[in-house]
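Colleague: Can you walk me through this model? Keep it quick, please.

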Amino acid sequence: MSRKGNCLDKSPMENFFGKMKNEMFYGHEYEFKTLEQLQKAMEEYISYYNTERIQVKLKGLTPCQARNQSLYSFKTVQL
């Protein structure tokens, strides 16, 4: 739930869910026979999105690579 008067609180998750629906769900709705199959497909997509899917806004890195790079540079600045 977003804070009162601040609609940007949940925009990153809304953006992710929109991408997930476009890339893995729309056009494949009838392939999932059970909720368990849909849940498994969603979990696999989240894993793919974080570890394999490169993003232009992250300069060609995956979210995990960008996070690790950021943490590494933060640690070297702290030392």
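This is a predicted model: local features need pLDDT of at least 70, side-chain atom pairs count only at pLDDT 80 or more; totals for chains, interfaces and linings use all residues.

Colleague: What does the secondary structure of the chain come to?

Modeller: Three helices and zero strands. The pattern along the sequence is α-α-α. Helices here are DSSP runs of H or I, at least four residues, and strands are runs of E, at least two, numbered from the N terminus.

Colleague: How much of the chain counts as buried?

Modeller: 15% of the 79 residues. Buried means under 20% relative accessible area, exposed means over 50%, and partly exposed is in between (1.4 Å probe, protein chains only).

Colleague: Switching to H2. How many residues does H2 have, and how far does it reach?

Modeller: H2 has 17 residues and reaches 24 Å from first C-alpha to last, close to the 24 Å expected. That expected span is 1.5 Å times one less than the number of residues.

Colleague: Which residues of H2 are buried?

Modeller: Ala41, Tyr45 and Tyr49. Seen down the axis of H2, the buried residues fall within an arc of 75°, so they line one face of the helix. The arc is taken over the directions from the helix axis to the C-beta atoms. Glu36 and Lys40 are exposed on the other side of H2.

Colleague: Next topic. How many salt bridges does the count come to?

Modeller: Two. The rule asks for a side-chain nitrogen of Lys or Arg within 4 Å of a carboxyl oxygen of Asp or Glu. In one of them, the side chains of Arg53 and Glu23 meet at 2.6 Å, N to O. That pair links distant parts of the chain, 30 residues apart: Arg53 is in the loop between H2 and H3, and Glu23 is in helix H1 (residues 11–25).

Colleague: Are those two partners buried or exposed?

Modeller: Arg53 counts as buried at 16% relative accessibility. Glu23 is partly exposed at 38%.

Colleague: Which side chains meet in the salt bridge at 2.7 Å?

Modeller: Lys40 and Glu44. Both lie in helix H2, four residues apart, about one turn of the helix. Glu44 is partly exposed, with a relative accessible area of 45%.

Colleague: Back to Arg53. What is Arg53 in contact with?

Modeller: Leaving aside neighbours within four places in sequence, Arg53 is in contact with Lys19, Glu23, Tyr45, Tyr48, Leu61, Thr62 and Pro63. Contact means heavy atoms within 4.5 Å.

Colleague: Thr62 is on that list. Where is the place of Thr62?

Modeller: In the loop between helix H2 (35–51) and helix H3 (63–78). Thr62 is buried, with a relative accessible area of 3%. Beyond its neighbours within four places in sequence, Thr62 is in contact with Asn50, Thr51, Glu52, Arg53 and Ile54.

How values were computed
Residues are numbered from 1 along each chain as its sequence is written. Side-chain values use heavy atoms; hydrogens and water are left out.
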